[in-house]
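Here's a quick tour for anyone opening this structure for the first time. Have the sequence and the 3D view side by side as you read.

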Amino acid sequence: MVKKGLLAVAAVVLLVVLGTGVLIGAQFAGGTADTPTQTADSQSDDGGGDGGSSTATATAGTSTTPAPTAEPNEAVGETATPQQESIPAREFNEQNVSKYVRQFLNEEREAAGVSPFESGLRTEEDLNEMAKNHSKQMAIEGNAIHKIDSVSSKDRYENTGLYDRCTFDSAEGEYIEQPDRNRFEAVEKTVAGQTYEENGEELFHATDKEVARKIVDDWMAWPDYRERLTLPNANLVGIGVEITDTGNVYVTANICG
């Protein structure tokens, strides 16, 4: 009986020991199961694994956001470059354009070895008024021309009492220069504050000075105008500028001895 009791006690102890071992083993097994989670976190920090892929996706999203915006902006920039963004005609000053035209004409005369036009004389005021009135008429006609409504340049000089006053001797002294056959007049048209095409090239004049420069350059490129505007014995010039609401610029120059 004693041996049976001891065997029973031993069996109970064995069961307790085995149960304790199982519990301990289970705890160790549970602790090892956390390792993949930690490894995953570590991969995320290093930029690898799923965590790294998620970060890369977010970064790609951030970097691609300005790309669509940049392309339209670049397209707009390319389009705006030749157009230069229009400037209202009211931003241009006709008197300033006239002053620059006179300045550039005098520079051209000096370059040709000729004295510059004089200023401040009564006849100059009459010339300015005549030139201004003709520029207004050209604006109405929409064309830079000498003869409007059958009135020629010679007629305008006669109608304003400037024909005889402005006649002068040629530089050689061999003949008399007279305002016949548009001899004393130059006319031109350009555009202010708007992009326009000329000879296949897009042009844009943003300032009074640029407008005046274009007018004088065009005159100097025309041999007849260059010759008459640099006549040695021409002492005065009247400048008339008319700018329309749409930015068209009409300019007249009338010389006098």
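**A first look**

α5 supplies the largest share of the lining of the largest pocket, 5 residues. Before going further, note that this is a predicted model, where local features need pLDDT of at least 70, side-chain atom pairs count only at pLDDT 80 or more, and totals for chains, interfaces and linings use all residues. Residues are numbered from 1 along each chain as its sequence is written, and side-chain values use heavy atoms, with hydrogens and water left out.

**The chain as a whole**

- The protein chain has 10 helices and 7 strands; these are DSSP runs numbered from the N terminus, with helices being H or I of at least four residues and strands being E of at least two.
- Out of 257 residues in the protein chain, 33% count as buried (buried means under 20% relative accessible area, exposed over 50%, partly exposed in between, using a 1.4 Å probe and protein chains only).
- Take the contacts in the protein chain with a separation of 6 or more: 68% of them are between residues 24 or more positions apart (contact means heavy atoms within 4.5 Å).

**Two pockets**

- A pocket here is an open set of points on a 1 Å grid over the protein atoms alone, where a 1.4 Å probe fits, with protein on both sides within 12 Å along at least five of seven lines; lining residues have an atom within 4 Å of a point.
- The largest pocket holds about 220 Å³ of space, where a volume is the space filled by probe spheres set on the points, and grid points are joined across faces, edges and corners.
- Among the residues lining the largest pocket are E94, R102, N128, K132 and V241. The elements that give two or more residues to that lining are α5 (94-111), α6 (122-141) and β6 (236-243).
- By type, the lining of the largest pocket splits into 2 nonpolar, 4 polar and 4 charged residues (Ala, Val, Leu, Ile, Met, Phe, Trp, Tyr, Cys and Pro count as nonpolar, Asp, Glu, Lys and Arg as charged, and the others, Gly among them, as polar).
- The second largest pocket has about 180 Å³ of space, and its lining includes M130, H134, D149, R156 and T160. Two or more residues of that lining come from each of α6 and α7 (153-159), and α6 gives the most, with 4 residues.
- In the lining of the second largest pocket you'll find 3 nonpolar, 5 polar and 2 charged residues.

**Rings and charges**

- There are 4 aromatic pairs (rings of Phe, Tyr and Trp, its six-membered ring, pair if their centres lie within 6.5 Å; planes under 30 degrees apart count as stacked, over 60 as edge-to-face and the rest as tilted).
- Y100 and F104 form a stacked pair, because their ring centres are 6.1 Å apart and their planes are at 20°. Both sit in helix α5, 4 residues apart, or about one turn of the helix.
- Y100 is partly exposed at 27% relative accessible area, while F104 is buried at 4%.
- W222 and Y225 make a tilted pair, with ring centres 5.0 Å apart and planes at 35°. Here W222 is partly exposed at 45% and Y225 is buried at 5%.
- Ring pairs also join Y157, F168 and F184 into a cluster.
- R213 has its charged end over the ring of F104, 4.3 Å from the ring's centre (a charge sits over a ring if NZ of Lys or CZ of Arg is within 6 Å of the ring centre and within 35 degrees of the ring normal). Likewise, the charged end of R109 sits over the ring of F117, 4.1 Å from its centre.

**Single residues to look up**

- S153 lies in helix α7 and is buried, at 0% relative accessibility. Setting aside neighbours within four places in sequence, S153 is in contact with H146, N182, E185 and N254.
- Q178 is in the loop between β2 (176-177) and β3 (185-191), and it is partly exposed at 33%. Not counting residues up to four places away in sequence, Q178 touches Y163, T167, R183 and F184.
- Most residues other than glycine have a negative phi.
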